[in-house]
Amino acid sequence: MIWLDGVLVSPGEGGVYGERMVGECRVWNPYRSKFAAYAMLGGTFDLTADLRVLYLGAANGTTVSHVADYVEVAYAVEFAPRPMQDLLEVCRHRKNIIPIMADAGRPAAYQGVVETVDLIYQDVAQPDQVRIALANLPFLRPGGTFILMLKTRSVDIRKSPKEVADETVRALEEGGLVVKEVKWLEPYHHDHAAIVCEALK
């Protein structure tokens, strides 16, 4: 990850969402991207040039465009047609993003396209976020990293965000992941937590 005078940036072509440029680098806005918020709050996971990434919930491509500035390839899964249109425009300028229009909860639809990856990043506003995460685990290499951007209010609004996060951590560990870090994304994203896990097998 690249920091310029305390500002997180990525090295790439601008104009994706009106982001500010500093020289040849794009300022990565933590209010627009949970990954940037995670990094700004001291998250320890680093994006490197040799990473292969499966990105679940790519939406209109804001965050995945920054991720692609750092990594070898990003498989970007999005289900909704309108955001997919924006994502395809982003892909025109970043050849290392592979857009996939599919439901992240049904990974069989893209198992013939996606190779084994080093990182799975999930940002999906669904009540069954853990089920979706575990369904995609076969794509992750042993020792690889899974980052779940947990939207607690999408899971169960009757429970406190901490209760939802605690239950999510237990479910992920029962599913074969080792939870290494839980970081709340306040003040950038309310009631959201980044849960960073390692795959054992």
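The model is predicted, so local features need pLDDT of at least 70 and side-chain atom pairs count only at pLDDT 80 or more, while totals for chains, interfaces and linings use all residues. Residues are numbered from 1 along each chain as its sequence is written, and side-chain values use heavy atoms, without hydrogens and water.

Let's start with the open sheet, where 4 strands run in the order S1-S2-S4-S3 with antiparallel pairing. Strands (E, at least two residues) and helices (H or I, at least four) are DSSP runs numbered from the N terminus, and two strands pair if DSSP finds at least two bridges between them. S1 (2-4) and S3 (21-22) are at the edges with a single partner strand each, so one side of each has no neighbour in the sheet. Helix H2 (residues 62-70) packs on this sheet and touches S1, S2 and S4 (25-27); contact means heavy atoms within 4.5 Å.

Now for the salt bridges (a side-chain nitrogen of Lys or Arg within 4 Å of a carboxyl oxygen of Asp or Glu). The count comes to 16, including these:

| Pair | N to O distance |
|---|---|
| Arginine 26 – glutamate 19 | 2.7 Å |
| Arginine 94 – aspartate 69 | 2.8 Å |
| Glutamate 89 – arginine 92 | 2.8 Å |

Glu19, Arg26, Asp69 and Arg94 are linked in a salt-bridge network. Arginine 26 and glutamate 19 are both buried, as are arginine 94 and aspartate 69; buried means under 20% relative accessible area, exposed over 50%, and partly exposed in between (1.4 Å probe, protein chains only). By contrast, glutamate 89 is partly exposed at 38% and arginine 92 is exposed at 54%.

Technical notes: Axes are lines fitted to C-alpha atoms, for helices over the stretch in contact, and angles run from 0 to 180 degrees between N-to-C directions.
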